[in-house]
Structures are given as structure tokens and as C-alpha cells.
Amino acid sequence: MQSSVKFGSFLRGIAIGAAAIFAVGTASAQDAAATQKTVITAARYLDVLTGKTVEHPAIFVGPDGRITGIADARTVRWGSDVRQIDLGDRTLLPGLIDMHVHLTSLAEVGGYQGLRYTDSFWTVVGVANAKKVLDAGFTTVRNVGSADFEDVGLKQAIEGGFIQGPRIIPAGWAIGATGGHCDSGGLPPSMDRKEASVIDSPEEARAKVRWLHKYGARVIKICATGGVFSLGDSVGAQQLTFDEMKAIADEAHMLGLKVAAHAHGDDGIKTAILAGIDTIEHASLASDAAIKLAIEHKTWFDMDIYNDDYILATGTANGTEQESLDKEKAIGLAQRQTFQRAVKAGVRMLFGTDAGVYPHGDNGKQFAKMVEWGMTPLQAIRAATVSGAEALDMTNDLGAIAVGRYADIIAVDGDPLADVTRLEHVAAVVKGGVLVKGE
Ligand SMILES: [Zn+2]
């Protein structure tokens, strides 16, 4: 569990030697495919809206990449002008949504190791990570924190067809307090340097939201409490005041943006909910009172309950500081127990993994953890589809294989409702009606 945001240091990762960069030529091929009518066929698809599996679908896609109709492939006919993508004896699901990633962070480069790299390095590895995440079946991600608007640049490059990647809802910088989880700690005072998104009053907070929005943020991320990878802070301690969080929530909502709050400790979680924050990230130490409050306020919980296994297994090998490992040990199990209580109580749950603190592309490994800790496979899949779309206010675009929504569709072997680990091995990915992985 954990997260962190920028500054090369504590949240960045490895040296991906060869960042796979995709030829600009793909753009024209994608454009051509996208302007054609398409029909996608397979043995069955999961209708996540009803929970039912439907046999032999023929999913028709218009030139704008949206689904125009769903028919029975055994009886429907289509003309020779329609291009067919046949995904064979597989199960189709809507493209998955990961609500908490850091595309420009690398798990493999931890602690002070990040200082070895120049600033633009992180955008370059973000290009490779975007493709890995897309190939893993995640056709939409909310990038909750990256320095220098790296995620806005990735979004522009993907939308322009220059590189391949998921749809991105970028936060840009994450807003936090001086010395907090989203400030650059771990350095001596002679190297004092405030992150660009540090605020220390409600007025500064409001101005920062406006600035982030101006330069492309489409969600606002705040650091309401300490964190695992930020050095020198207490993981559960609240770091922003109610007035600061409320100013951020009010300003963001006025601009039409949602707010995601990194919050491990109970006080920070409760204060964030009362301030009008939309999604609580991590939610590790939420008490029953906080859970009740979340239900009352319809606040989403977005709990990254897979990555504990990776962080503790890799230990200091990636350069992660012992202090961070100690914090992870202190809250890892507690977070999973909180997840179980929150699911049982009926909190609205999302699928968010904090990719970047574990290797990008392994996002699907969290499904099994969610099932182990109290969800049915269908609940876990709905968290990563319909619920994600709802929390993003994008139910007209994403989250289900349904008429009017984008043809963001993945194919897996077997039945993911019987074995949710099928989602760790996605065979084919279609984004906006264009096949981007598989045959
Ligand atoms: Zn995070």
C-alpha cells in the first residue's frame, strides 16, 4: 500500500534499459482502423451491468470507436465493408480501469536511487509503462500524481496516436503540505526545495487547484496524511487541515474535477470525507466510524491491497529505505483487514493498485487479493469497470460493453467469474474499436 508522488527520489523506480518506444507510424494505422466500421466476435462476453454472461456476441463498433449495437453472432449478418476482429473461444470483458497508478514511477528504483536520473528520464519510462498497462488490459487509468505534468504529456501523446497507452485521467502534481508525503523529504536543509504543489493555507490550496487545472489536471490529488515512501513522516498522521481540504474540494468541484485523497490514518480519512473529498486512496487504518461516514457521504474507497506482497518481498533490493519497509509492515495487514470490513459494510469500492510502487503491468494481480479479502469475483470486476466509470463520471463512455460506450474490450481465456486470476493474463485488448494487443 502506499504511494508517493514525485520527486525523483522516493517513488521512482528502475532502470528500464530499453524503453519500448513506438513508431509514429502506428498513428496512421490506428487512424485508418478507427474510421472503419468493425464487428468484434468471441465465444461470450460478461455484461458487468447485469452480471450475466452472454453467448456468441457480435459487437458492432462505429467509426468513432463507440459500440453501436450488440447482436447474436449466430444469426446476424454484416457486409463486406465491416472489418471483423474475431477473438475466438474467449471471454470478453470491458476494458479495465485502474484508479490509482503512477505511470512515471518505477518500483525498481526506490529510495535515493531516483536521484541518479535526470528529470526527463521519468517521462521516457512512462511511455514504456503506458504500453505495459494497456497490454495488461487496463484501457483507462487515473494517474494520481506525477511531477512536471508528465502524465498530461503522456495523455497528449497517446491521444495524438504517437504512442500506445490507456486513456489517462491525469492529476499532474499532487497537492500536499510542507514536509508532508507529497513534498520532497529526505534531503538536508541546504538542499531545501519545495515541490511545485506544496501549499500551507486554504488560500494557497485554492490557487494550486486553479493552476493544476489550467495546465491539464483532470483530477486533483492531495496528500491528506503521511505515507510509506516519504521519509521522516508518520504514516498515519494527518497533514492537511479540514479548511485546506475543503478549499481544495470546493474549488475542484466548481471546476468540474473530482478529488482523490491519499489517506492512511483514521483522522485524515474522516476529515477528508467531511471536507467533501470524492475518493479515499489507501484508507488503510479506517475505523468503523470512518467506514460509516464514507457510506453516509457516498465516498469511494480505493484500496491498493496487492502491492504489500511486492514491497515486502523485494525489501531493500530496489533501494527502498528500511524506514519505508517498517511503515509498510505496520499497515499492510491492517489495510487488508480494513478492506474486508469496508466491503462487508457496503462502502463503494474502486480498483486502484498504486502501480509504480510495484511493476507496471502486474495490475491484474490485485483481483485475487480482493477476492481473498471478501469480494466475489464479480464484485472485484465491477470495481474495476462500472464503479471506476461511475467515480470518473464517465458512465456514458466507459465501464461496460454497452451501446454508446467506447469499444474498450479485453479477452481472456476461461471464465474469470470462476477463476479471477484469468485477469492476470489478458490475451487481447481492443481500445476504441482498434485491436492493440492479440490476434
Ligand atoms: Zn499512489
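1. Seven of the ten residues of α7 are buried (under 20% relative accessible area, with a 1.4 Å probe and protein chains only), so the helix is largely enclosed by the rest of the structure. Helices here are DSSP runs of H or I with at least four residues, strands are E runs of at least two, and both are numbered from the N terminus.

2. A word on what you're looking at: this is a predicted model, where local features need pLDDT of at least 70, side-chain atom pairs count only at pLDDT 80 or more, and totals for chains, interfaces and linings use all residues. Residues are numbered from 1 along each chain as its sequence is written, and side-chain values use heavy atoms, leaving out hydrogens and water.

3. Which residues of α7 are buried? They are D266, G268, I269, T271, A272, I273 and A275. Their packing partners are α6 (242-254), β12 (259-263), β13 (279-282), α8 and β14 (300-302).

4. Now for the neighbour: the axes of α7 (residues 266-275) and α8 (residues 288-297) come within 10 Å and cross at roughly 15°. That makes α7 roughly parallel to α8 (angles under 35 degrees). On the α7 side, D266, I269, K270, I273 and L274 make the contact (heavy atoms within 4.5 Å), and on the α8 side A290, L293, A294 and H297.

5. H264 sits in the loop between β12 and α7, and H264 is buried, with a relative accessible area of 0%. Just after α7, G276 takes a positive phi of about 95°.

Technical notes: Axes are lines fitted to C-alpha atoms, for helices over the stretch in contact, and angles run from 0 to 180 degrees between N-to-C directions. Angles under 35 degrees count as roughly parallel, over 145 as roughly antiparallel, 65 to 115 as roughly perpendicular and the rest as oblique. Buried means under 20% relative accessible area, exposed over 50%, partly exposed in between (1.4 Å probe, protein chains only).
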